[in-house]
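Please keep the sequence and the structure at hand while reading.

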Amino acid sequence: MELTINILKAEVMAEVNKTSAYIGAKTITQDGGNLYYSISTIKEDAEMLERYWREACSDVAAVAKEFLKSAETTDTDWTLTLEMPAKYNTGYNEVLKYRVFSYIVRQVLIRWLQLCSFSANMVKAFQDEATGILAGIADILYARNFERAKDGPGGDNSYGIGEAPDFGEDTEEEKTGDNNYGGGMRQNLGPTNVVFIEVVK
């Protein structure tokens with residue numbers, strides 16, 4: 001199946017502008033001022049942000065390379081087209097699109113904050129978050145739907161192959177022999193119960 005993710009550059013930049021302005025306004029300097037005018041992005045920063053935008057899109061495409069059909073960037077948007085296997089869980093589509101958008105926003109913001117020599121510890125915190133989002137994108141791309149085998153434990157998906165071995169019941173000799181737990185009479189647990197675990201591949 002084909003999956004298309006379209007990200008509008010204007011929406012990404014609007015989110016970067018809003019977040020950078022918020023960070024700048026909330027970062028108080030030693031003289032009681034703030035970093036609003038140093039951190040918040042403006043129109044003149046568009047060329048630099050454009051570069052960061054393209055790099056962030058490339059990060060996502062690299063993670064999705066196994067399924068990549070095309071990745072097209074225009075002046076207004078970025079469109080990622082993936083060829084997903086039949087067992088891909090389509091229920092994750094909207095979550096996947098949101099995470100791709102979130103990653104691109106964070107990565108553009110991180111590169112901008114680095115350029116502004118913002119707090120290294122804060123930048124690292126943002127970077128760790130972005131790394132987690134990118135890993136989450138990979139997790140979704142490799143998520144698959146599995147159906148439990150209808151033939152039950154006795155079929156090909158049972159533990160082992162063919163009939164289960166017949167362990168029978170413990171004999172009195174086995175209960176009193178030298179290989180018992182600690183020697184002597186062991187507790188009689190009754191017939192051995194064999195539990196089969198269905199392994200879904």
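This is a predicted model: local features need pLDDT of at least 70, side-chain atom pairs count only at pLDDT 80 or more; totals for chains, interfaces and linings use all residues.

## The nonpolar core

The largest nonpolar core has 41 residues. Those that touch the most other members are Ile7, Trp53, Trp78, Leu96, Val100, Tyr103 and Ile104. Two or more residues each are given to this core by β1 (2-8), α1 (9-26), α3 (46-63), β3 (77-83), α4 (93-115) and α5 (120-141). Helix α4 supplies the largest share, eleven residues.

Beyond its neighbours within four places in sequence, Trp78 contacts Ile5, Asn6, Ile7, Trp53, Cys57, Val60, Ala61, Ala71, Glu72, Thr73, Val100 and Ile104.

Helix α3 has 18 residues, which at 1.5 Å a residue should span 26 Å.

Within α3, the buried residues are Leu49, Glu50, Tyr52, Trp53, Ala56, Cys57, Val60 and Ala61. The elements covering them include β1, α1, β2, β3, α4 and α5.

## The packing of α3 and α5

Two packed helices are described by the angle between their axes and the distance between the axes. For α3 and α5, the angle is about 35 degrees and the axes are 10 Å apart. Their crossing is right-handed.

On the α3 side, Asp59, Val60 and Val63 take part, and they meet Leu134, Ile137, Ala138 and Leu141 of α5. The residues of this contact comprise six nonpolar, no polar and one charged.

Lys9 is located in helix α1. It counts as buried because its relative accessibility is 13%, and the cut-off for buried is under 20%. Leaving aside neighbours within four places in sequence, Lys9 is in contact with Glu50, Trp53, Asp75, Thr76 and Asp77.

Phe67 lies in the loop between α3 and β2 (68-73). With a relative accessible area of 5%, Phe67 is therefore also buried. Not counting residues up to four places away in sequence, Phe67 touches Thr81, Leu82, Glu83, Met84, Pro85, Leu141, Tyr142 and Arg144. One of these, Leu141, belongs to α5 and takes part in the contact with α3. Phe67 and Leu3 are 64 residues apart in sequence, while their C-alpha atoms are 9.5 Å apart in space.

Terms used:
Residues are numbered from 1 along each chain as its sequence is written. Side-chain values use heavy atoms; hydrogens and water are left out. A nonpolar core is a set of buried Ala, Val, Leu, Ile, Met, Phe, Trp, Tyr and Cys residues joined through side-chain atoms within 4.5 Å. Buried means under 20% relative accessible area, exposed over 50%, partly exposed in between (1.4 Å probe, protein chains only). Helices (H or I, at least four residues) and strands (E, at least two) are DSSP runs, numbered from the N terminus. Contact means heavy atoms within 4.5 Å. The expected span of a helix is 1.5 Å times one less than its number of residues. Axes are lines fitted to C-alpha atoms, for helices over the stretch in contact, and angles run from 0 to 180 degrees between N-to-C directions. A crossing is left-handed if the near helix is turned anticlockwise from the far one by less than a right angle, and right-handed if clockwise. Ala, Val, Leu, Ile, Met, Phe, Trp, Tyr, Cys and Pro count as nonpolar, Asp, Glu, Lys and Arg as charged, and the others, Gly among them, as polar.
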